[in-house]
Amino acid sequence: MKNRRRALVLAGTGAALAATLIAAAPAPAAPADPAAPASSAASKPASVHGGGTIFFPYSAKDDIRFTVDADSTPWTRPLPAPGGEKGLPTDARGRVTISHHYAESGFTATAEAEVDCLVTGGRTATLTAVVKTSNVGWEGKRIGISVQDGQRGEPDRVGFSWAVANVDVKPDGTVAEGTVGTCMAPAPFTEVTKGAFKVAPAPLAPLPKP
């Protein structure tokens, strides 16, 4: 079936395309003591959890859903290259599922992927995952996803590497879908119309002791 060969979400565009109030004028807060131990909240690992339906303008009639359950597990994925024996501070684990129901044909493309990298900045996270099962031939493919946890009434947002980004233009002028490195994903360019995501940010983990 033609739709089985189309990338998820691409839909024919191709690869080209807390603060407590203190009354009566409090004195300015003293600067933080750099020697003080970090709070328990600050020591918690980064994570992204949730799920939702997005609106993608190039597939406006389609039902496109993401679920993400990802937790940071620094220095747990050793690399074969010299210096990578302890892994990376962005190592992570978890699962991503994707479903894209094409309104025109009635076909639903699906994929389930294993998270291998997660990094956060404020309420935005980028993560990557390697597809384990799929009905569109994506097994073994690394995909990049970004999630923005909306604040002050703003919607959550999601971005993904295989739609309007990540095009590799070769020296001869031909184009192809580029590879996705760990934690590489575009900005969260779509809005979540149903559901929600929660991003728990955290700084990069310190270097492991020798």
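Colleague: Before I get attached to anything, what are the ground rules here?

Modeller: It's a predicted model, where local features need pLDDT of at least 70, side-chain atom pairs count only at pLDDT 80 or more, and totals for chains, interfaces and linings use all residues. Residues are numbered from 1 along each chain as its sequence is written, and side-chain values use heavy atoms, with hydrogens and water left out.

Colleague: And what does the pLDDT of the chain average?

Modeller: The average is 83, and 80% of the residues score at least 70. That score is the predictor's confidence in each residue, from 0 to 100.

Colleague: Where is the pLDDT below 50?

Modeller: Over residues 1–41. That stretch still has 48 contacts in the model beyond near neighbours in sequence, a contact being heavy atoms within 4.5 Å. Where pLDDT is low, the predicted coordinates should not be read in detail.

Colleague: How much of the chain is buried?

Modeller: 35% of the 210 residues. Buried means under 20% relative accessible area, exposed means over 50%, and partly exposed is in between, using a 1.4 Å probe and protein chains only. The accessible surface of the chain is about 12,100 Å², with 58% of that belonging to carbon and sulfur atoms; areas come from the Shrake-Rupley method with a 1.4 Å probe, and for residues only the protein chains shown count as cover.

Colleague: Switching to cysteines. Which ones does the disulfide join?

Modeller: Cys117 and Cys183, with the sulfurs 2.0 Å apart. A search of the whole structure finds one disulfide, meaning a pair of cysteine sulfur atoms within 2.5 Å.

Colleague: Where do those two cysteines sit in the chain?

Modeller: Cys117 is in strand β4 (residues 108–121) and Cys183 is in the loop between β9 and β10, so the pair links parts of the chain 66 residues apart. Both cysteines are buried.

Colleague: Why is the disulfide called left-handed?

Modeller: Because the torsion about the S-S bond of Cys117 and Cys183 is about -100°.

Colleague: Now the aromatics. How many aromatic pairs turn up?

Modeller: Nine across the whole structure. Rings of Phe, Tyr and Trp (its six-membered ring) pair if their centres lie within 6.5 Å; planes under 30 degrees apart are stacked, over 60 edge-to-face, and the rest tilted. One of the nine is Phe56 with Phe189, a tilted pair at 6.4 Å centre to centre and 50° between the planes. Those two are 133 residues apart, Phe56 between β1 (47–55) and β2 (63–72), and Phe189 between β9 (175–177) and β10 (190–200).

Colleague: Are those two buried or exposed?

Modeller: Phe56 is buried at 2% relative accessibility, while Phe189 is partly exposed at 29%.

Colleague: What about Trp138 and Trp162?

Modeller: Trp138 and Trp162 make an edge-to-face pair, 5.2 Å centre to centre with 80° between the planes. They're 24 residues apart, Trp138 in the loop between β5 (124–134) and β6 (142–148), and Trp162 in the loop between β7 (157–160) and β8 (167–169). Both tryptophans are buried.

Colleague: Which residues make up the aromatic cluster?

Modeller: Phe56, Tyr58, Phe66, Trp138, Phe160, Trp162 and Phe189. Trp138 also has the charged end of Lys141 over its ring, 3.9 Å from the centre; that call needs NZ of Lys or CZ of Arg within 6 Å of the ring centre and within 35 degrees of the ring normal.

Colleague: Last one: what does Ser161 touch?

Modeller: Leaving aside neighbours within four places in sequence, Ser161 contacts Ile143, Gly144, Asn166, Val180 and Pro186. Ser161 lies in the loop between β7 and β8 and is buried at 4% relative accessible area.

Methods:
Helix = DSSP H or I, 4+ residues; strand = E, 2+ residues; numbered from the N terminus.
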